[in-house]
Amino acid sequence: DGQRTQIFLTTGLFRRVDYGLQYGLVVDYVNEDWYHNIDVVQLRGELSWKTSACHAFGFQFMAGVDDARSIGTVTDDAGATFDVDDVIVAADQYRGFYRRSFGHSGSWTSFIGGTEQEHFIVGSEVEIPLDPKWSFTASSTFFSPGDEVALEDTEAEGWNIGVGIVFRPGGCHPANRYRRPMFNVADNGSMFLFRQ
C-alpha cells in the first residue's frame, strides 16, 4: 500500500571537445521517502577520449560522499514490531564505456564495470532526437551480486529500466553541442542505494 517518492538533482562541470580528452564532474543528490526518509549524495565523474566526431571511449566513477542514517519501527506480517537502525549508502562504482554519437544531440552508450564490494555492473543508454529541442531517452542497468553472495540471493542485486523525454531550450544547433550536458540527471541506474 506504500508510495515511493524520489527526487534526483545533478549539478556540475564538464568539458566537451571535437577530438581528444574530455572530462566532467558532477554532484548527485537523492531524497527518497519509502521505507526510509533519506538524503544521499554522491560524486560522479567521467574521463574519456574522443577518437572522432562519432566515437568515444572512457572511464566513469560514482563515489558516495554523504550517507544517510534511518531509525524507525517496522511491523512484520505476524504483527510484531521491532526497531531498525540502518545506514543507507550509495555504492561506489567504476565503469568502462563506449559511446557512439548520432549527430549533435543523439548518442548510444554501453558500459561494464564493478564496485569495491565486487559487484558486477552492465548496462546501456540511448538518446534519440525527435526534433531540434526534444529527445527520447531509454536506459537499462543491471547490478549483480559478487562471488561472496549466493546467486539465489536476489536482495543483493539491483536493476533499473528507464524511459523519458528530454527538452533542451537551446535545441541541437551544431554550436550547442559543446553545451549539451555530458551527464544525465542521476537515477536508480547511476545511484544504487544499499543498507549497511
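Is Ser107 buried or exposed? Ser107 is buried, with a relative accessible area of 9%; buried means under 20%, exposed over 50%, and partly exposed in between, with a 1.4 Å probe and protein chains only.

The model is predicted, so that local features need pLDDT of at least 70 and side-chain atom pairs count only at pLDDT 80 or more, while totals for chains, interfaces and linings use all residues. Residues are numbered from 1 along each chain as its sequence is written, and side-chain values use heavy atoms, with hydrogens and water left out.

**First stop: Ser107.** Select strand 8 (residues 106-115), where Ser107 lies; strands are DSSP runs of E with at least two residues, numbered from the N terminus. Then display the contacts of Ser107, counted as heavy atoms within 4.5 Å. Leaving aside residues up to four places away in sequence, Ser107 touches Arg99, Arg100, Ser101, Phe102, Glu125, Val126, Glu127 and Arg180.

Select the strands in the order 1-2-3-4-7-8-9-10-11, which form an open sheet with antiparallel pairing; two strands pair if DSSP finds at least two bridges between them. Strand 1 (5-15) and strand 11 are the edge strands, each pairing on one side only. From one strand to the next, the twist averages 15°, taken between N-to-C directions of lines fitted to C-alpha atoms, on a scale from 0 to 180 degrees. Within this sheet, strand 4 (residues 55-66) and strand 7 (residues 93-102) are joined antiparallel by eight bridges. Select His55 to find its bridge partner in strand 7, Arg100.

Eight bridges connect strand 5 with strand 6 (residues 81-90), and Ser70 stands opposite Asp86 in strand 6.

Select the loop between strand 8 and strand 9, which holds His119. This residue is buried, with a relative accessible area of 12%. His119 and Gln93 are 26 residues apart in sequence, and their C-alpha atoms are 8.9 Å apart in space.

**Last stop: Phe142.** Select strand 10 (residues 134-144), in which Phe142 is found. Phe142 is partly exposed, with a relative accessible area of 31%.

Technical notes. Helices (H or I, at least four residues) and strands (E, at least two) are DSSP runs, numbered from the N terminus.
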